[in-house]
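The structure is shown first, and the notes follow by topic.

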Amino acid sequence: MLDRGIDRVPVSRPGMVSRFVTALVRLILPVVALCSAFLAAFCLRDEPAPEFGFLASIDPLLDPSDWLNWGILLLPLVFFILNLTSRRYGAALALTAALLAWLFIGGAVAWGLREGLIADFERQIAPYALAASFVGAMALGQLVNILFFDWLRGIPWWKAPFLAAFLGGTAFAVAFNTRPALVWDAQLGGRLLVEAAIQFSWALAQLLPTYLLRRTVRPLPGFGGA
């Protein structure tokens with residue numbers, strides 16, 4: 001009643017091009033961060049981690065000396081990055097960032113092969129079957145991470161980042177280590193226990209930087225909690 005006779009100014013919504021450009025700009029940092037995490041883990045894949053040799057004194061089946069390296073220890077950083085991306089932009093953009101990161105990595109490898117920078121993929125990168133198993137297992141872990149974060153975000157704030165990182169990392173570890181090429185035995189069980197412990201430790205440790213970044217990485221409107 002009070003505004004009768006006053007022309008209302010229609011609120012214009014961003015067009016499709018504007019929304020696309022905005023999403024593209026938002027994706028830059030998460031994609032670069034994901035690619036950097038994968039690159040760091042790849043570069044450290046030949047660096048052993050003897051600091052964890054003490055596990056053999058607990059049980060010989062837990063001895064990680066013949067397989068654990070700093071690349072494996074650094075890999076859960078991927079789930080921390082996805083948690084921050086999901087918190088800020090939601091599940092859809094986090095999934096898009098994960099997909100684009102894989103496309104960039106695949107494109108970089110294809111370019112390296114074409115230009116001769118990678119002479120032999122199986123010798124310089126990994127056997128094809130192993131590479132395919134890794135990509136499939138990590139993609140599954142990323143999907144589990146993003147879905148659980150989106151499902152659990154809210155109060156208390158730590159539940160979503162902790163469980164998403166732990167469950168995503170564990171899904172990757174189980175899927176990668178139970179591929180058909182491996183023998184299912186007690187030694188494999190010991191490795192899975194060690195990797196689950198690594199994922200749990202990472203999920204717990206990343207709560208501190210997550211808490212410190214909560215004021216900086218705030219959810220956009222429509223993405224509450226966590």
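Does E195 count as buried or exposed? At 4% relative accessibility, E195 counts as buried, where buried means under 20% relative accessible area, exposed over 50% and partly exposed in between, with a 1.4 Å probe and protein chains only. This is a predicted model, in which local features need pLDDT of at least 70 and side-chain atom pairs count only at pLDDT 80 or more, while totals for chains, interfaces and linings use all residues. Residues are numbered from 1 along each chain as its sequence is written, and side-chain values use heavy atoms, with hydrogens and water left out.

**Salt bridges**

- The structure holds 2 salt bridges, each being a side-chain nitrogen of Lys or Arg within 4 Å of a carboxyl oxygen of Asp or Glu.
- R191 is partly exposed, at a relative accessible area of 21%.
- R114 forms a salt bridge with E115, with 3.4 Å between the closest N and O atoms; R114 is exposed at 64% relative accessible area, and E115 is partly exposed at 45%.

**Cavity lining**

- The count comes to 1 cavity of 30 Å³ or more, a cavity being a set of points on a 1 Å grid over the protein atoms alone where a 1.4 Å probe fits but cannot get out.
- Residues lining the largest cavity, those with an atom within 4 Å of a point, include F79, F80, W202 and Q206.
- Helix 9 (186-205) and helix 4 (77-89) each supply at least two lining residues, helices being DSSP runs (H or I) of at least four residues, numbered from the N terminus.

Technical notes. 1 Å grid on protein atoms, 1.4 Å probe; cavity = no way out; pocket = protein on both sides within 12 Å on 5 of 7 lines; lining within 4 Å. Points joined across faces, edges and corners; volume = space filled by probe spheres on them.
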